[in-house]
Amino acid sequence: MSILSTIGAIIPDQARLRERIAVLTRQVSTGEVGQTHGALGLDARQAIDLRGDIARRDAYLGAAATALGRMGATQSVLSRLETIVQQTAAEALRARTLGTAAVEQLAQSARSALEEAATLLNARHGGEYLFAGSNLSLAPVPGAEGIATGPMAAGIAAAVATLGPDPANLGPLLAATAAAASNSATTPFNAWLEGPGITDPRRAVVVADGERVDWGVLANQDQSGNAATAWGREMLRGLATLAALTPAQAAQGAGYNALLREVGTALGATRASIAEERSVLGVREQRVTTTRERHADLLVALRAQLGRVEEVDVAEVTSRLRQAELRLSASYETTGMISRLSLAALLR
């Protein structure tokens with residue numbers, strides 16, 4: 001009976017060893033302490049907190065990356081628009097010294113610039129219009145491909161046709177071109193931007209807990225929220241005005257020169273407004289980039305901390321697994337030896 005009692009005491013120990021070997025084998029295979037939080041024991045709460053923090057920072061990292069992609073695309077468009085406006089303004093001012101010979105070339109160049117600028121204001125990134133505010137699926141400039149013959153251009157051309165030789169009478173003409181660019185019937189922008197969207201906040205990205213960065217640029221508003229003389233409106237108005245010029249207007253002499261001076265100066269101011277948009281956007285890009293880098297650095301530390309809680313030292317566990325296997329093998333040998341001794345004693 002003493003032999004049977006000894007074997008009976010060994011068998012539970014063997015069961016525990018087999019269970020331990022199964023756990024160690026799984027740990028060597030996966031590199032993890034266990035498949036559930038329960039396997040972590042007292043470290044389970046810390047692991048849950050760490051995983052929550054990692055998930056939140058991963059989300060912020062993704063949002064920042066998406067926003068930076070759109071901000072970069074916006075910067076590219078604004079850069080091109082700034083170049084278009086700068087070049088056209090310079091051409092308009094040069095045309096004052098060239099007389100009627102330059103007017104047709106200036107008008108053609110302005111028309112091409114108008115069409116390109118309108119198309120650029122409809123630029124998209126990731127399927128979303130960049131300059132449309134929060135209505136991401138509606139083009140800011142409907143019918144941009146035909147803007148040179150659209151309602152705004154027609155209204156401005158009609159105003160330009162009234163140009164006379166006296167510069168003092170230029171005021172009503174300029175007021176009429178401003179009206180054509182802003183009236184609801186002739187505005188180049190969609191009804192949502194000119195209506196409900198006028199009070200919408202700019203697009204923004206949340207980059208951290210309680211940290212929101214505005215980055216959106218609107219086609220029909222400037223940094224101060226002014227819509228009437230916003231850079232997008234003034235840009236299209238100025239380009240359309242130059243596109244409407246003909247030799248008949250150039251023959252107006254002083255009135256023509258005054259118009260070129262006014263439009264050239266206005267386009268210069270528009271270029272400065274676009275540059276301001278780029279500058280503000282650049283500051284916000286840097287802020288998002290800095291925050292993203294901070295999240296990335298913290299994620300490295302958090303994942304390392306989580307690894308210390310959830311993961312195992314495979315080399316150490318492999319050593320413990322080998323020791324447990326040796327113990328089990330020795331236990332089996334002991335059980336076998338005791339069984340043989342017991343059988344021999346019964347056969348005597």
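In which crossing, left-handed or right-handed, does α4 pass α7? In this predicted model, α4 passes α7 in a right-handed crossing. The contact involves M152, I156 and V160 on the α4 side. On the α7 side it involves L236, R237, A240 and T241. By class, five of these residues are nonpolar, one is polar and one is charged. The axes of α4 (residues 151-160) and α7 (residues 231-243) come within 9 Å. They cross at roughly 55°.

The largest nonpolar core has 64 residues. L121 and M235 have the most contacts inside this core. At least two core residues each come from α2 (44-95), α3 (103-121), α4, α5 (170-182), β3 (204-208), α7 and α9 (254-310). The largest share, 13 residues, is supplied by α2. Beyond its neighbours up to four places away in sequence, L121 touches L81, F131, P140, V141, F189, A219, W231, M235 and L236. Another core, of six residues, lies apart from the largest one. Its members include A47, L299, L302 and L306.

G133 sits in the loop between β2 (128-129) and α4. Its relative accessibility is 4%, so G133 counts as buried. The contacts of G133, leaving aside residues up to four places away in sequence, are R203 and L218. G133 and A219 are 86 residues apart in sequence. In space, their C-alpha atoms are 8.3 Å apart. A219 is also one of the residues touched by L121.

Methods:
Residues numbered from 1 in each chain as written. Predicted model: local features only at pLDDT ≥ 70, side-chain atom pairs only at ≥ 80, totals over all residues. Heavy atoms only, no water. Axes fitted to C-alpha atoms, helices over the stretch in contact; angles between N-to-C directions. Helix = DSSP H or I, 4+ residues; strand = E, 2+ residues; numbered from the N terminus. Left-handed = near helix turned anticlockwise from the far one by under 90°. Contact = heavy atoms within 4.5 Å. Nonpolar A, V, L, I, M, F, W, Y, C, P; charged D, E, K, R; others polar. Buried < 20%, exposed > 50% of the residue type's maximum accessible area, 1.4 Å probe, protein only. Core = buried A, V, L, I, M, F, W, Y, C linked by side-chain atoms within 4.5 Å.
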